[in-house]
Amino acid sequence: MLTIRAEQVAVFQRDLAERFKDRILAHIRDAWPEDYEALGEPGARRLIDEGITRAARYGITLDYDVVRYINTMICLSPCFDEDPNRPWARAILGDASLGSREKTDLLCLRAEMEPEAACAPLPGVEDGGER
């Protein structure tokens with residue numbers, strides 16, 4: 001019988017997380033080349049890490065939904081969820097009756113209504129599945 005030790009599982013999980021972050025990085029580079037250029041790769045990676053952390057805080061953990069959350073950060077601002085001029089964001093994210101997908105559906109719809117939003121589609125990002 002094959003036994004996988006906890007240390008081996010941790011290595012696999014880290015690898016999956018890094019590959020996920022690399023896919024998001026490629027998405028940002030392709031969808032927002034000017035923002036990517038301004039951030040540089042290290043800054044974009046920090047934004048991704050912050051986005052994953054912020055999304056998880058609101059129960060958003062599915063890959064596709066995390067990417068949509070990060071998209072919203074880029075469209076509006078990295079701290080859109082704390083912006084007093086966007087109470088709708090906090091209301092959506094704080095609604096315990098909504099799941100991950102419903103929250104990001106509503107965020108994206110509402111973000112598109114913002115005059116300064118420059119939201120991009122999600123080409124090449126798979127829909128569904130957890131990290």
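**Entry 1: E41.** I started with the contacts of E41 (contact: heavy atoms within 4.5 Å). Leaving out residues up to four places away in sequence, E41 touches L25 and Y36. I then looked up where E41 sits, and found it in helix α2; helices (H or I, at least four residues) and strands (E, at least two) are DSSP runs, numbered from the N terminus. E41 has a relative accessible area of 37%, so I filed it as partly exposed; buried is under 20%, exposed over 50%, and partly exposed lies in between, with a 1.4 Å probe and protein chains only. I also checked E41 against R29: they are 12 residues apart in sequence, and their C-alpha atoms are 8.9 Å apart.

**Entry 2: ground rules.** This is a predicted model, so I noted that local features need pLDDT of at least 70 and side-chain atom pairs count only at pLDDT 80 or more, while totals for chains, interfaces and linings use all residues. Residues are numbered from 1 along each chain as its sequence is written, and side-chain values use heavy atoms, with hydrogens and water left out.

**Entry 3: the bend in α2.** Where does the kink in α2 lie? I found it at G40, at about 105 degrees, shortly before the proline P42; the bend at a residue is the angle between axes fitted to the seven residues ending there and the seven starting there. Helix α2 runs over residues 33-57, and its 25 residues put the end C-alpha atoms only 28 Å apart, short of the 36 Å a straight helix would reach at 1.5 Å a residue. The expected span is 1.5 Å times one less than the number of residues. G40 itself is buried, and the buried residues of α2 also include Y36, G43, A44 and L47. D49, also in α2, counts as partly exposed because its relative accessibility is 34%. From D49 to I70 I read 9.6 Å, C-alpha to C-alpha, across 21 residues of sequence. After α2 comes G59, with a positive phi near 80 degrees.

**Entry 4: α3.** I turned to α3, residues 63-75, which spans 18 Å from its first C-alpha to its last, close to the 18 Å expected for its 13 residues. Here 13 of the 13 residues are buried, so α3 is largely enclosed by the rest of the structure.

**Entry 5: cysteines.** How many disulfides does the structure hold? I got zero, a disulfide being a pair of cysteine sulfur atoms within 2.5 Å. C79 has a relative accessible area of 37%, so it is partly exposed, whereas C108, at 16%, is buried.

**Entry 6: whole chain.** I listed five helices and zero strands, in the order α-α-α-α-α. Of the 131 residues, 38% count as buried. Among contacts between residues at least 6 apart in sequence, 64% join residues at least 24 apart. The accessible surface comes to about 7,700 Å², with 55% belonging to carbon and sulfur atoms.

**Entry 7: confidence.** The chain averages 86, and 86% of the residues score at least 70. Over residues 120-131 pLDDT stays under 50, and the model has 32 contacts beyond four places in sequence for that stretch.

Key
Areas by Shrake-Rupley, 256 points an atom, 1.4 Å probe, with all protein chains shown as cover. pLDDT = per-residue confidence, 0-100.
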